[in-house]
Amino acid sequence: MKSLTVSKAVTALMLAGLVLLPLYSQLSGNIFILTLFTRIIILALAAASLNLIMGFGGMMSFGHAAYLGIGGYAVGMLAQEGVGSGFIQFPVALAASAIYGLVIGALSLRTRGVYFIMITLAFAQMAYYVASGLARYGGDDGLTVYKRSDFSGLIDLSNRTQFYYLCLACLLGVIFLIWRIVNSRFGLVVQGLRSNEQRMQAIGFPAKRYKLVCFVISGTMCGLAGALLANNTDFVSPAVMYWTRSGDLMVMVILGGMGTLFGPVVGAVVYLLLEEFLSQLTEYWALIMGPLLLLIVLFGRGGIMGLLGRIGRG
């Protein structure tokens, strides 16, 4: 119980800080911190979606960042064509991500282990090169989103504080949905497949069907993060789909704690704050970041949430 209390206390403090951050930003006049944490929250949402298949489902996808690009390009391309309504852009972004996930998942789930990792990476790189070849939408240079999604006055995405709270609400909504999924009959089957797929198949569960549905749900959630990211940066580029971004998302999940509800959020906050801090110290910040992350993973088994559990147990 003590370990659970420590984890819950840290999670509660983090959530309280995220909720009160705009107030601090306004009182201190520090606009940058609000912009930084808006990005952190969006990428935490993407990491949480990856955790659904990687932490709870045991599917190590190395191409998850493709959904960020698909969601972002859906917003950017529609805006380019004169469709600025968020009530159209966001559903299209989610639908495009779901269709991509369905097609890629149906093919990728025929493999397992390292072959699954490599085929998801290959499909993500294909999506990257397709986006790079879209000359009408900027190609390699990316696409500028000149106007943020319009929700008919319901919410103004140009307002930093309103957009921040929208991103935070989306993150909490996705985490709640993941909690419901994980604790449902469907989620228990998916976790059973992670532990012993052969046994689950032997008692009659269609493994590929369950895993495919989970794969599509995860991709759709990440597509939402992509749509938010395009609005946040007012720009979308093929670079967001590159394999290194998928690696970043995996690091966030592993750092925070795979298979935990708030682990990816903690991992995203720690990883991106470290990145921001170290990049201001030196241009060779990655040489410092790498060993630090390695030490955390080696000695903090189960990520930060696992480390908190061991601290709680004394």
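Visitor: What kind of model is it, and how are residues numbered?

Guide: This is a predicted model, in which local features need pLDDT of at least 70 and side-chain atom pairs count only at pLDDT 80 or more, while totals for chains, interfaces and linings use all residues. Residues are numbered from 1 along each chain as its sequence is written, and side-chain values use heavy atoms, with hydrogens and water left out.

Visitor: Where does UniProt place the transmembrane regions?

Guide: The unreviewed UniProt entry places the feature "transmembrane region" at residues 86-107, 114-131, 163-182, 210-229, 249-274 and 286-308. Such annotations may be inferred rather than shown by experiment; the positions are given in the numbering used here, and feature names are shortened.

Visitor: How much helix is there over residues 86-107?

Guide: Residues 86-107 are 100% helix and 0% strand, with end C-alpha atoms 31 Å apart. Residues 114-131 are also 100% helix and 0% strand, and their end C-alpha atoms lie 26 Å apart. Helices (H or I, at least four residues) and strands (E, at least two) are DSSP runs, numbered from the N terminus.

Visitor: Which residues touch the most other members of the largest nonpolar core?

Guide: Leu68 and Leu228 do, in a core of 96 residues. Helix H2 (residues 31-54) gives the largest share of this core, 17 residues. A nonpolar core is a set of buried Ala, Val, Leu, Ile, Met, Phe, Trp, Tyr and Cys residues joined through side-chain atoms within 4.5 Å. Buried means under 20% relative accessible area, exposed over 50%, and partly exposed in between (1.4 Å probe, protein chains only).

Visitor: What does Leu68 touch?

Guide: Leaving aside residues up to four places away in sequence, the contacts of Leu68 (heavy atoms within 4.5 Å) include Leu43, Ala46, Cys222 and Leu249.

Visitor: On to charges. How many salt bridges are found?

Guide: The whole structure holds 6 salt bridges, each a side-chain nitrogen of Lys or Arg within 4 Å of a carboxyl oxygen of Asp or Glu. In one of them Glu275 pairs with Arg39, the closest N and O atoms being 3.7 Å apart. That pair links distant parts of the chain, with Glu275 in helix H11 (residues 263-281) and Arg39 in helix H2, 236 residues apart.

Visitor: Is Glu275 buried or exposed?

Guide: Glu275 counts as buried because its relative accessibility is 16%, whereas Arg39, at 25%, counts as partly exposed.

Visitor: Is Ser152 buried or exposed?

Guide: Ser152 is exposed, because its relative accessible area is 62%; Asp234 is partly exposed, at 29%.
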